[in-house]
Amino acid sequence: MGCRLHHPCKRVKISAIVIMQRSFSALLFSVIVAASMSTSWALVTIPLTKLERTGPYLQGSPHADRARASLFKIASDPKTVPASNLAYVQYTTSVGVGSPPTYYNLVIDTGSSNTFVGTGKKYVRTPTSVPTGQNINIVYGTGFINGIEYKDTVTLAPGFVITGQSIGDALKFAKFDGVDGMIGIGPTDLTKGRLSPDTGLTPTLMDNALKQGLIKNDIFGISFAPAKTYNDTNGAITYGGIDHALHTGEITYAPITKTLPAANSWGINVTSLTYGTHTVIPQSTAGIVDTGTAMILLAKDFLARYLDAIPGSHLDIIDTGLVVIPSSSIAHMQPLNFTINGRVFSMDTAAQLIPLNQNTALGGKAGVQYGVISSLDGNSGEGLDFIIGQKFLEKFYVVFDADVNRIGLAYT
Ligand SMILES: *[C@@H]1O[C@H](CO)[C@@H](O)[C@H](O)[C@H]1NC(C)=O
Ligand SMILES: *[C@@H]1O[C@H](CO)[C@@H](O)[C@H](O)[C@H]1NC(C)=O
């Protein structure tokens, strides 16, 4: 069942209320909880690369299509398409629906698995749009959608066209400002209970891409980068494989964790986390990797260790839910090192800080130094003790591999 607000499923709550509202991190939370295990996805690469193109591409104009087409490397291999950072808290990609396609900017969410349009640009029906006779109803940690389900043709990239894809037309919704909907590239099990009448699991975009032979591997790779502007096309998503141009060195894989509820989504164990010589996460702990979460969230007790190690730092619970770091402490900050399957993924001081020009967009005060590490609502030991969100993924390439049930990480 979906994690409805009235449903007694375990919900992950975080203190970063404002951040959650402005990002789709919340999606994640509801989703994680609801799912049962399983991961079956497919692979096609769509660039979320460091392109300077913005508006025209996003609007799906002919120029945009050409720009997008130029990104493809080999027609039948994994496809990379651009992704855009919007408002510093979410990544979107342009997706065509219908034939001829109308292009929508959809949030890329690995923490949920239904795809829908209509929250910005309205759903434009074409002869390929076939109502399934079902309603779609999803309450996310923040926001909700409520609408009608269709099967339609979905164009993820030129020549990369999925037919008969189940998609929602969101008629009522909240908290989807500035975006047209979402692509859910989480495990298929997360579609359970989202449609009524309930027909069981709904094949995701990745499921159909695999079944229809568009991709050979149930893998996708994601490249994010720190946003320089409010709407920055600086990322890429590769469907069906790995775009090796987007990372350096080896990819280190961690198996999907068996610990619930992290195992319901793209969950892994982190072996340890250190800040300088301070231990933040002392032992192997389960959490998730999520494109729909803006920050990096730690269980309260873990966050406390991080804050203790940075003199004068504290959590700004009221306004932003973000950590505030006094300027006197910045020069003394240490690397934050995640050890994942034997390899250290290190975030230097800059990577731990939010650029000051993003403060307003995040609901913060001018001139205050905020950090990217924030808080889950509970203490550790609940089977979901961290969420590795966009601020981590802006530093490292990530591979979501459902063929082998593992997540790969690499330096960029
Ligand atoms: C953290 O990682 C960096 C980069 O690999 C390394 O230079 C540093 O020694 C590590 N710090 C600790 C305390 O392990
Ligand atoms: C993963 O972390 C959980 C705690 O969240 C722990 O119980 C489990 O043993 C860990 N698994 C591995 C393989 O280390």
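Start by selecting ligand 2 and the residues around it: T259, N269, S284, T285 and A286, each with a heavy atom within 4 Å of the ligand. This is a predicted model, where local features need pLDDT of at least 70, side-chain atom pairs count only at pLDDT 80 or more, and totals for chains, interfaces and linings use all residues. Residues are numbered from 1 along each chain as its sequence is written, chains are lettered from A and ligands numbered from 1 in written order, and side-chain values use heavy atoms, leaving out hydrogens and water.

Now click on N269: an N or O atom of its side chain sits 2.4 Å from an oxygen of ligand 2. Over at S284, a side-chain N or O atom is 2.8 Å from a ligand 2 oxygen. At A286, look to the backbone instead, where a polar atom is 3.0 Å from an oxygen of the ligand.

Next, select the open sheet of 7 strands, ordered β14-β17-β24-β18-β23-β20-β19 with mixed pairing. Strands here are DSSP runs (E, at least two residues; helices are H or I, at least four), and two of them pair if DSSP finds at least two bridges between them. Head for the edges: β14 (267–270) and β19 (314–316) each have a single partner strand, so one side of each has no neighbour in the sheet.

Zoom in on β18 (residues 296–298) and β24 (residues 386–388), which pair in the antiparallel sense over 3 bridges. There, I296 stands opposite I388 in β24.

How values were computed
Polar contact = N/O pair within 3.5 Å; in protein donor to acceptor, adjacent residues only side chain to side chain.
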